[in-house]
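Welcome! Have a look at the chain below, then work through the exercises one step at a time.

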Amino acid sequence: MSYIYQNITSMLKIENYNLDWLPYWQPNSETDKCSNTICNSEFGFFNSKHHCRECGKIYCNKCWGKMAYVGVYYKEVPICDICYNKHMIPDPEKK
Ligand SMILES: [Zn+2]
Ligand SMILES: [Zn+2]
């Protein structure tokens, strides 16, 4: 396991600790595939896992990384494509 990889996992642990309020934060060990069912690509050394800051699920590079303002963080954070699309559609319940 490379130094960089260990660094990333320790970073995630710190974030994990700070994100107790999240309803669900998928453990890294729980999945080997992207949470986007359309994508479903397998994780490996060159396809790293990323947590969506909104839904807490794990996605691959392709399905994660779009920035959007998420209220609980008071800033723009990287989220998955699925959550990003929700941000693009006006929520009829929020009015
Ligand atoms: Zn998401
Ligand atoms: Zn994916």
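**Exercise 1.** In the hairpin of β3 and β4, which residue takes a positive phi?

*Solution.* Before we start, note that this is a predicted model, in which local features need pLDDT of at least 70, side-chain atom pairs count only at pLDDT 80 or more, and totals for chains, interfaces and linings use all residues. Residues are numbered from 1 along each chain as its sequence is written, while chains are lettered from A and ligands numbered from 1 in the order in which they are written.

Step 1: Find the strands. Helices (H or I, at least four residues) and strands (E, at least two) are DSSP runs, numbered from the N terminus. Strand β3 covers residues 64-70, and β4 covers residues 75-80.

Step 2: Check the pairing. Two strands pair if DSSP finds at least two bridges between them; β3 and β4 do so in the antiparallel sense over 6 bridges. A68 faces V77 in β4.

Step 3: Look between them. The hairpin has 4 residues between its strands, and Y74 is the one with a positive phi near 60°. Y74 is not a glycine. Most residues other than glycine have a negative phi.

**Exercise 2.** Is Y74 buried or exposed?

*Solution.* Step 1: Recall the cut-offs. A residue is buried if 20 or more other C-beta atoms lie within 10 Å of its own, exposed if 12 or fewer, and partly exposed in between, with C-beta atoms placed from the backbone.

Step 1: Apply them. Y74 has 8 other C-beta atoms within 10 Å, so Y74 is exposed.

Step 2: N40, in the loop between α1 (3-18) and β1 (50-51), has a positive phi near 55°. N40 is exposed because 11 other C-beta atoms lie within 10 Å.

**Exercise 3.** Why does C80 count as buried?

*Solution.* Step 1: Count neighbours. C80 has 28 C-beta neighbours inside 10 Å, so C80 counts as buried.

Step 1: List contacts (C-beta atoms, placed from the backbone, within 7 Å). Beyond four places in sequence, C80 is in contact with N36, C52, C55, K57, Y59, C63 and W64.

Step 2: Find the core. A nonpolar core is a set of buried Ala, Val, Leu, Ile, Met, Phe, Trp, Tyr and Cys residues joined through C-beta atoms within 7 Å. The largest one has 9 residues, including C80, Y59 and W64. Both β2 (58-59) and β4 supply at least two residues of this core.

Methods: Two residues are in contact if their C-beta atoms, placed from the backbone, lie within 7 Å.
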